[in-house]
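Please examine the sequence and the structure shown below before reading on. The explanation that follows is meant to be read with both in view.

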Amino acid sequence: MQTERDALFELLEPPPGGVERMRSRLAEPRRVTVGFGFAAFGVAAVAVLAALIVLLPRAPEPAAIVDNTILAAPELDRLLGRPSAPVPLSVERGDQRVQIEELPSSDPQVRIYRVL
Amino acid sequence: MTGVDEASWVGLYRELEKPLYNVVYRWLWDRMESQDVVQEAFLRCWHARGGIRPEGFKAYVYRTALNLASNRRRSKKLWRLVSFDALREEPPDGNDVAPVLSREVQKAVDGLPDPLKRVLFLSELAGMSYGEIAAVTGVEEGTVGSRRNRALALLRKQLEPREGVPDANRA
């Protein structure tokens, strides 16, 4: 009668056709296989990344890029097609500011000054 | 082993298939998967043959096959855990025409620490000397002997009420 010891250390016959399969596998082009460890690491990394994207607090909305006070600057009137507000004119001769006097004009687009 | 051709490689496979298959089978308990692991080990060695010395080939292919078998076993256990298959009894390999070991013996073998199991089956199934086993496992010959004895003692303890296991005093 066969004992457990005999069965445990008995040499079993491999499945038939092993040599032929080996021969054909040798002839196949080399396969690149991804190991289980790499695959598990990849899945875990994707899961962590997804969790971070979902759970991390969102950054606050960016502040208004253009401040309205900048848009109100008179230098932008012509650029934005607004009517220009009257700007006080100053004239300098050498290092000294001289006085000017505005004269009446019949054309509203034309202003006439006289240097005093 | 740069100069070796495919025909010679198949010859090496033919020579080593049976003992290697038998060692790997005690890890996986599945005939087709064990044969696949043996072939995968030979394929890997084939692609790495440029860096293998002829005198070190046997140790190299056994080491590769044992590492593959250990990894597959670990993966299978993990997948069983994930898919809750562990709750079911694992069926034995139904296609096996060879004597099927009882679940108790399989469990006792599976419960052996990997380094002890390697030494035991390389000695008992591959018929390797302690020196050859030392080359495969990377430990001293003295360690091989003590591991073999510990493996047998553990198996005997597990299976005490059942049949005996080989004499631990074998040289």
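Predicted model: local features only at pLDDT ≥ 70, side-chain atom pairs only at ≥ 80, totals over all residues.

The paragraphs below take the two chains in turn and then turn to the contact between them.

The mean pLDDT of chain A is 81, and 84% of the residues score at least 70. Within this chain, helix α2(A) has the highest confidence, at 92, whereas helix α4 (residues 68–71) of chain A has the lowest, at a mean of 74.

Chain A contains 5 helices and 4 strands. Read from the N terminus, its elements follow the order α-α-α-α-α-β-β-β-β. Of its 116 residues, 3% are buried.

Chain B is built from 7 helices and 0 strands, so that its elements, from the N terminus on, read α-α-α-α-α-α-α. Among its 171 residues, 33% count as buried. Of the contacts in chain B with a separation of 6 or more, 62% are made by residues 24 or more positions apart.

What lies inside this arrangement of helices? The largest nonpolar core has 43 residues, and those with the most contacts inside it are V24(B), V38(B), F42(B), Y62(B), A65(B), L122(B) and I133(B). At least two residues of this core come from each of α1 (6–28), α2 (31–47), α3, α4 (103–110), α5, α6 and α7 of chain B. Helix α1(B) provides the largest share, 8 residues.

When its neighbours within four places in sequence are set aside, V38(B) is in contact with E17(B), L20(B), Y21(B), V24(B) and A65(B).

Helix α2 of chain B also holds S34(B). Is S34(B) buried or exposed? S34(B) counts as buried because it has 26 C-beta neighbours inside 10 Å, and the cut-off for a buried residue is 20 or more. Apart from its neighbours within four places in sequence, S34(B) is in contact with Y21(B), V24(B), Y25(B) and L28(B). The C-alpha atoms of S34(B) and R72(B) are 10.0 Å apart in space, although the two residues are 38 residues apart in sequence.

The loop between α1 and α2 of chain B contains W29(B). This residue is not a glycine, and yet W29(B) has a positive phi of about 55°. As a general rule, most residues other than glycine have a negative phi. W29(B) is classed as partly exposed because it has 18 C-beta neighbours inside 10 Å.

Further along chain B comes helix α6 (residues 130–137), whose buried residues are Y130(B), I133(B), A134(B), A135(B) and V136(B). These buried residues of α6(B) pack against α3 (57–82), α5 (114–124) and α7 (141–158) of chain B. After α6(B) comes G138(B), which has a positive phi, near 75°.

Helix α7 of chain B includes K157(B). Why does K157(B) count as exposed? K157(B) is exposed because 10 other C-beta atoms lie within 10 Å, and the limit for an exposed residue is 12 or fewer. Between K157(B) and A108(B) there are 9.3 Å in space, C-alpha to C-alpha, and the two are 49 residues apart in sequence.

The two chains can now be considered together. Their contact takes 22 residues from chain A and 33 residues from chain B. On the side of chain A that touches chain B, α1 (4–8) and α2 (18–27) of chain A each supply at least two residues. Helix α2(A) gives the most to this side, with 7 residues. By class, this side of chain A has 11 nonpolar, 3 polar and 8 charged residues.

How do the helices α2(A) and α2(B) pack? Their axes lie 10 Å apart, at an angle of about 40°, and α2(A) passes α2(B) in a right-handed crossing. From α2(A), the residues G18(A), R21(A), M22(A), R25(A) and L26(A) meet Q35(B), Q39(B), F42(B), L43(B) and W46(B) in α2(B). The residues of this helix contact comprise 5 nonpolar, 3 polar and 2 charged.

Key: Residues numbered from 1 in each chain as written. Chains lettered and ligands numbered in written order. Contact = placed C-beta atoms within 7 Å. Nonpolar A, V, L, I, M, F, W, Y, C, P; charged D, E, K, R; others polar. Core = buried A, V, L, I, M, F, W, Y, C linked by C-beta atoms within 7 Å. pLDDT = per-residue confidence, 0-100. Axes fitted to C-alpha atoms, helices over the stretch in contact; angles between N-to-C directions. Left-handed = near helix turned anticlockwise from the far one by under 90°.
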